[in-house]
Amino acid sequence: LDELEVVPLVEPSSPGSTSSDSSNRTPFKRGGRQLQLMKDSSPLLQSNDKTDEAALDVLFVPADLSSTAASYRSFTLKTCDHRVLIYTTCYNVIDGVTLTIRKLEQEILAAGGHVCILSTRSGNPANTHLDGEHPNRRVLFLDDAIEIPFASDPSHPESVYYIGFSLSKEMHNELDDYSPTLVHITVPDIVSLDIIQYARNNDLPLMGTFHSNYVDYLDHYGLFWIKPCLLSFFRHQYSFYQSLYCPTPYIQSTLGSDEKRFDRCTNIKVWGRGIDLDRFSPEKRSQTFRERMGFSPTDVVICFVGRLVFEKRPDIFAYVIRRLAAHGTPYKALCVGCGPYEDE
């Protein structure tokens, strides 16, 4: 928080009082922390827990304070580097969500911040430090979680999934030791209810990011009858977020539709993302690869990249290339991915 409005709990004393007079201090309590604001602009931090020193770097109070209550209301609070807690369910499963989280994680570390990833043991443990280790980074795995038998393939580490249920006492201690200053939730599930409560108990800013349209996924699997329950569950969780960030204005409008109405319980903002032009560049064009795939230098290649599952809508890709074929438009198609649609 850069700006913080303070309404005095104790009226300032008369102009003739000395700065050492306790009545000349305006205490402000936030969660378990108490600040004492002095008229001589020297802040006195009364620590009620070990997180105060980390949470407050500089407390600036204007020197020209008058004796009125209104003069105490505005001051700037400069915090130290962010200590971000990110909850994501399947950190070690390499997909679009975790790649986005890992990119965000690297940006925070590069800026001098701290990151703590909280996740289940889903996926391949070898992916935990895929981008290397860092002194400002830690990864915690939920101990109150079980493997999902019907969704896991023990012979394929990338396809092992766990479901978490709660934050244990030991996990609470781990989070207290980390002392986060900001909580980021990537999926509203059972565990995130405990995380929300943890943020509320410690008076921490809480935000979320929208990555997957779980509600609409149910239509593809014949589970549309669960949608009202899931929508209510999501609205309940989002109502505790200060903000929910989504990737595009289109998704923003969808989340505020009459069916979802998520915009009535939180601030929905666009967190724009794009293409990494260093990684995806025409400079990496490989004629050798094209020849191996059977493409000539002049072929127009339309590529689908993603899991071949219902919710990724490969049927739209198939519809488009069939229309091109019907119109006699020359093209070549390439699918990169696997899933139930592969044989079809």
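Two strands are said to pair if DSSP finds at least two bridges between them. Helices (H or I, at least four residues) and strands (E, at least two) are DSSP runs, numbered from the N terminus.

The structure is a predicted model, in which local features need pLDDT of at least 70 and side-chain atom pairs count only at pLDDT 80 or more, while totals for chains, interfaces and linings use all residues. Residues are numbered from 1 along each chain as its sequence is written, and side-chain values use heavy atoms, with hydrogens and water left out.

**First stop: the open sheet**

Select strand 13 (residues 206-209) and strand 14 (residues 243-246), which pair in the parallel sense over three bridges. Within this pair, Gly208 has Leu244 of strand 14 as its bridge partner. Strands of a sheet pair through backbone hydrogen bonds, either parallel or antiparallel.

Now extend the selection to the seven strands of the open sheet, whose order is 9-8-7-12-13-14-15 and whose pairing is parallel. At its edges stand strand 9 (137-141) and strand 15 (267-270), each of which pairs on one side only. On average, neighbouring strands of this sheet are turned by 20° against each other, direction ignored. Axes are lines fitted to C-alpha atoms, for helices over the stretch in contact, and angles run from 0 to 180 degrees between N-to-C directions.

**Second stop: two helices on the sheet**

Select helix 3 (residues 169-178), which packs on the sheet and touches strand 7 (83-87), strand 8 (114-119) and strand 9; contact means heavy atoms within 4.5 Å. The direction of helix 3 makes about 170° with that of strand 9. Next, select helix 4 (residues 190-201), which lies across strand 7, strand 8, strand 12 (182-185) and strand 13. Helix 4 runs at about 160° to strand 12.

Select strand 16 (301-305) and strand 17 (332-336). These two strands pair in the parallel sense over five bridges, and Phe304 has Cys335 of strand 17 as its bridge partner.
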